[in-house]
Amino acid sequence: MNPLLATLVAVFLITFLAAPTMGAGWFWDTGNGIGFAAFAGLLYLTITSNRRLDVRAHQVLSYAVLLLVIGHAFWFLLGDATAVEFIKFGAPDYMWLGIVSLILFIVLVTTANVPDRLRVHKTYPSFKYWHRVLTITVIGGAAYHIVVSNFYLGAWYQALLFAIISIGVCLGRNYWIRLGQIAIASPAVYLALSAALIVAFTGIRNLPA
Amino acid sequence: MKLVLISVLTAAGLVIVFGSPIAKEKPVRDFYYESPRPILPMSFAHEDHTTENCILCHHNYNDDTGGGPCMNCHTTTQEVWPLFERQFHDLCRSCHAEKAADNIDGGPPRHCIECHRGDDLP
């Protein structure tokens, strides 16, 4: 199976393992579907990062992932006037970690591009090290944000599976680098597959009773 | 790219401070139910919940803690107040979500504004 499709399907499939028809209404389900697609994109960017990485393709796809990350946040902020109250002081820790992950992802993307990269990192190994550390932090924070918000991953085995794939992607680098060169999907393909899965995710959860 | 990101972050800041320009209803924080800090308004209609067992919410019938409307204790008692948001989110949202999981129209499980309207229903 295409690695991008496999990653997207794996993330969305876990949400359907328990209570597959439980929805929060089309508005919230679409917004959260965008979030799941963004998280899958983040995992895919990490899996495909090996020694033969096509840097330009990786960079361009990261912009598409960033678009969905920001889209996920703005969807709620613009569509539900109450949602903003959930990210102010006193918000639950999983919301704060979601915001921290979003900000760190922006830092991750912007500090990876020359000439900004050269301003931040004196050497290439230093850049690689911090890029990896930031990636693991972003995935960890986003996974916590998703799992602990406890809506689509309500069953313990869903949370466990989600944690396993997140940790596996973060710590399985020794395996990923042996995969050889994987042609990185274009942003158009990523966004089209994401759109199809978001529609399915929202549609199934909002079928008439 | 940097310009786009700066614009997006500025827009996010403006939405956080001034609220959404396109969302129709906006809740107003205030000292409802004599709460010590401003809280969001809430809607609850008993007549929409007549099929539920009273004890599900009115735990005081069972454990003899407090009495009268929920907010008598939940916004004014020092021990309970810090748990206010989590307790009501857990109680209300989980019940609505369970109904959604069973394909029953049980009201809004997560659309915040649906509950934080503040109309004073009986």
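Tutor: Over all chains, the structure holds 5 salt bridges, a salt bridge being a side-chain nitrogen of Lys or Arg within 4 Å of a carboxyl oxygen of Asp or Glu. One of them pairs B:R29 with A:E85, and their closest N and O atoms are 2.4 Å apart. Because B:R29 lies in the loop between α1 and α2 (60–63) of chain B, and A:E85 in the loop between α3 (55–79) and α4 (93–110) of chain A, the pair joins two chains. Helices here are DSSP runs of H or I with at least four residues, numbered from the N terminus. In general, side chains of opposite charge can pair when their charged atoms come close.

This is a predicted model, in which local features need pLDDT of at least 70 and side-chain atom pairs count only at pLDDT 80 or more, whereas totals for chains, interfaces and linings use all residues. Residues are numbered from 1 along each chain as its sequence is written, chains are lettered from A and ligands numbered from 1 in the order in which they are written, and side-chain values use heavy atoms, with hydrogens and water left out.

Across the interface of chain B and chain A, the rule finds 1 salt bridge. The count of residue pairs in polar contact between the two chains is 4, with both residues at pLDDT 80 or more; a polar contact is a pair of N or O atoms within 3.5 Å, where within protein one must be able to donate a hydrogen and the other to accept it, and residues adjacent in sequence count only if both atoms are side-chain atoms.

On the side of chain B that touches chain A, the elements giving two or more residues are α1 (2–18), α4 (84–101) and α5 (112–115) of chain B. The largest share, 8 residues, comes from α1(B). The residues of this side divide into 19 nonpolar, 5 polar and 7 charged, where Ala, Val, Leu, Ile, Met, Phe, Trp, Tyr, Cys and Pro count as nonpolar, Asp, Glu, Lys and Arg as charged, and the others, Gly among them, as polar.

As for the overall extent, 31 residues of chain B are in contact (heavy atoms within 4.5 Å) with 33 residues of chain A. Together the chains bury about 2,700 Å², of which 68% is on carbon and sulfur atoms; buried area is the accessible area (1.4 Å probe) that two parts lose on being put together, summed over both.
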